[in-house]
Amino acid sequence: MLKFLKNGMGILMLALLVSVSTSCSKNDNPVTEKPIPLDPLVAPGKVPFYKLQRVENFRVETDDKNPTEVKLTAYFSLDNKEEVPVSFAKTARWDMAFGGLYNSFLSGNNGSDGTNFGYGGSGKGGIIVLKKPFGEVTDVPAEIDFKTKGNVVGTDDLGDFGEGTGWYLYDFGGKIRGDGSEQKTHVAYAMPEIRTVVVRTAGGNYAKIKMISCYKDAFTADKWFKDTPHMFFTFEYVLVPKGSTKFEIK
Amino acid sequence: MRLNHLLILFCLMASLLFVACKKKIDYPAQPNSKIESFKVPVSDGEISGVIDEGDKTITLYLPFFYQLDVIDPKIKLADGAILKEKIVPVEVMDSKTTYTVVGADQSSSTYKLVIVIQQITPLVLEEVSTATATTKWGIGNGFIAVSGNFNTTDVTKVKVYLVGTDGKEIALSPSASSTTGIGVSLLPSGKTYRLANLQVPQTIDPGIYKLRAKVYSLVAEAKYPVEIVYGQPQVTYAGVTAKSGETFKISTKAEVFHQFSEFSILVNGQKVVFPIVSFTRTEAVIRVPEGTPAGVYRPTLKFEGWPAATYGWTVTLTP
């Protein structure tokens, strides 16, 4: 071997061999692909978590001359603090519906429940009403406690035509909470002092809600009369993220 | 020896050539203006649209049983690209929606959205008439029912029309007298859906009409027509209060007023006729004759072609 290498020809052949083996490479992968970050597929809500929100005089359709006639359900986004068009009912863009008699029955947005206004859509929401004032509701209810049906939280059994635990007391004759006068008949008394509504939003966040009034610019019971302009909802709420176990206001 | 030198030189040159021989091959640049995914969330997951880069279409196959009115898509774009349009819900029967993507490389692409609703065909509308008997519906009748294989319980998905000789479709509307709904029955012939409490519009003309139903993009027509007629007029609960000499109104949300000939009450057993000042299909203006004593009275109304009827609501005349 040494004799071969000493031979100039041998060295040249070796050099040729080395140069061939190290040259003429083809790069099959000229561009290194960067991992593409996932785009946020749903726009984040406008309402920040843990901050108290107030909605005043949210107006829904009503007609005292034809009270039992079906009215258009109203849809509200708690994540964005705004009304959502009726045409978007079967989407996840709303969280709480106002339907039923005088649009006073509340429901969450759930695409899996055939009675829900959002049926077929991707909403994962639900609703429950607790027998506690707003300030005392600190724990997020268990998932199993949320109801997914439509028009499920309305009149309370403390009043007339109650349908279980509701958010308001309906005083048909004016004598339960009123003085029996004609103007105190047919008044709907929101009960924030003993009732709090909790909604699981369409996207899975949670809101605890203080229903304050359904009368225009009238937020306390002394201002509520039969002829006070009504079905203007005022409520306060705080939103906490999906997976939370506690309601906090920071 | 000389040959050896040449050979050595050749080998040197060859070595140099081989070392210099490197070529990088890059792929041709692709436009960056692309939609990478189009997904529609539904109750049990997501439906992905099929993106065809060749003809720039996004085809979404939507099963009917979700009963959607709109789709609310989630769109993923190529890195750095932007969408010119705002992403908003799209009606499922829409055929005009496009999406324009502008890439980071400033290239632009426009995709057309095609929504295909997957339905069970054919749509069948059950007959309400026969070859020998044509069903009659009164103008304003709010208790109309039709049946078929609608495959939905959503009343807004089933559109029912009366089609006149001019080919114009006149929709039956939700009843003003009762709640419109769809009931499902399982019969030996199969599952059938009954859409009840539709209303014949109060404005329609009498005549013979074809009956047509539509569910999403499917259309069915009954073989035998229906006849629209003036039915027995109805009065929506009135509860009138008026004074002697004044006028009051009564109205109907159901079968319309037609040939309204008399309005009367009984005062001490004697018939007192109230003049009919005017009437339309849906409203009548009645005057209380001067000197009619105050009291609570049940009225009797007469429409030509129908027996006179005394109503349960009352006319209260005040002093």
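**Strands of chain B**

I51(B) stands opposite I58(B) in β5(B). This is a predicted model, in which local features need pLDDT of at least 70, side-chain atom pairs count only at pLDDT 80 or more, and totals for chains, interfaces and linings use all residues. Residues are numbered from 1 along each chain as its sequence is written, while chains are lettered from A and ligands numbered from 1 in the order in which they are written.

Q: What is the mean pLDDT of chain B?
A: pLDDT is the predictor's confidence in each residue, from 0 to 100. In chain B, 95% of the residues reach 70 or more. The mean for chain B is 92.

Q: In which sense do β4(B) and β5(B) pair?
A: Strands here are DSSP runs of E with at least two residues, numbered from the N terminus, and two of them pair if DSSP finds at least two bridges between them. β4 (residues 50-52) and β5 (residues 57-63) of chain B share three bridges. Their sense is antiparallel.

Q: Which residue in the hairpin of β4(B) and β5(B) takes a positive phi?
A: The hairpin has four residues between its strands. The phi in question is near 55 degrees, and the residue is K56(B).

Q: Which residue in β27(B) stands opposite S278(B)?
A: β26(B) and β27 (residues 283-287) of chain B run antiparallel and are joined by three bridges. The residue opposite S278(B) is V285(B).

Q: What radius of gyration does chain B have?
A: The radius is taken over C-alpha atoms, and the globule rule is 2.2 Å times the number of residues to the power 0.38. For 319 residues, a compact globule would come out near 20 Å. The C-alpha atoms of chain B fill a box of roughly 150 × 50 × 35 Å along the principal axes. The radius of gyration of chain B is 36 Å.
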